[in-house]
Amino acid sequence: MIMRQSYRDDLKDHILDTNEQVFLSVGLTRQDILNDDSLMERLWALYQKSIEEYDVDADFAYRDAMKDVLNITIDE
């Protein structure tokens, strides 16, 4: 899979739009996530794969990636 920057940018927007309390619940801040290149790569890959290969919408892909990687449940 070719990683596309546009998906990473969309993922960042989702993270920035999420209430900080969601991240604090697992001992992280929004900036912790955004500044961790390895973590962002994992989230990005899952996010993009869900959209491209499983044909889900961006919101679902974001929630799914957060659950899989950080065990964070984000309400719809």
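**Helix H1 and its neighbours**

Modeller: The axes of H1 and helix H5 (residues 58-70) come within 11 Å and cross at roughly 75 degrees. H1 and H5 are therefore roughly perpendicular (65 to 115 degrees). This is a predicted model, where local features need pLDDT of at least 70 and side-chain atom pairs count only at pLDDT 80 or more, while totals for chains, interfaces and linings use all residues. Residues are numbered from 1 along each chain as its sequence is written, and side-chain values use heavy atoms, leaving out hydrogens and water.

Biologist: Which residues make the contact of H1 with H5?

Modeller: Leu11, His14 and Ile15 of H1, with Ala58, Asp59 and Tyr62 of H5; contact means heavy atoms within 4.5 Å.

Biologist: And what angle do H1 and H4 pack at?

Modeller: About 105 degrees, with the axes of H1 (residues 5-17) and H4 (residues 37-54) 9 Å apart. That makes H1 roughly perpendicular to H4.

Biologist: Rings next. How many aromatic pairs does the count come to?

Modeller: The count comes to 1 aromatic pair, with ring centres required to lie within 6.5 Å. The rings of Tyr7 and Tyr47 have centres 6.3 Å apart and planes at 70 degrees, so the pair is edge-to-face (over 60 degrees). Tyr7 is in helix H1 and Tyr47 in helix H4, 40 residues apart in the chain.

Biologist: Is Tyr7 buried or exposed?

Modeller: Tyr7 is buried (under 20% relative accessible area), at 15%.

Biologist: What about the relative accessible area of Tyr47?

Modeller: Tyr47 has 1%, so Tyr47 is buried too.

Note on methods
Axes are lines fitted to C-alpha atoms, for helices over the stretch in contact, and angles run from 0 to 180 degrees between N-to-C directions. Helices (H or I, at least four residues) and strands (E, at least two) are DSSP runs, numbered from the N terminus. Angles under 35 degrees count as roughly parallel, over 145 as roughly antiparallel, 65 to 115 as roughly perpendicular and the rest as oblique. Rings of Phe, Tyr and Trp (its six-membered ring) pair if their centres lie within 6.5 Å; planes under 30 degrees apart count as stacked, over 60 as edge-to-face and the rest as tilted. Buried means under 20% relative accessible area, exposed over 50%, partly exposed in between (1.4 Å probe, protein chains only).
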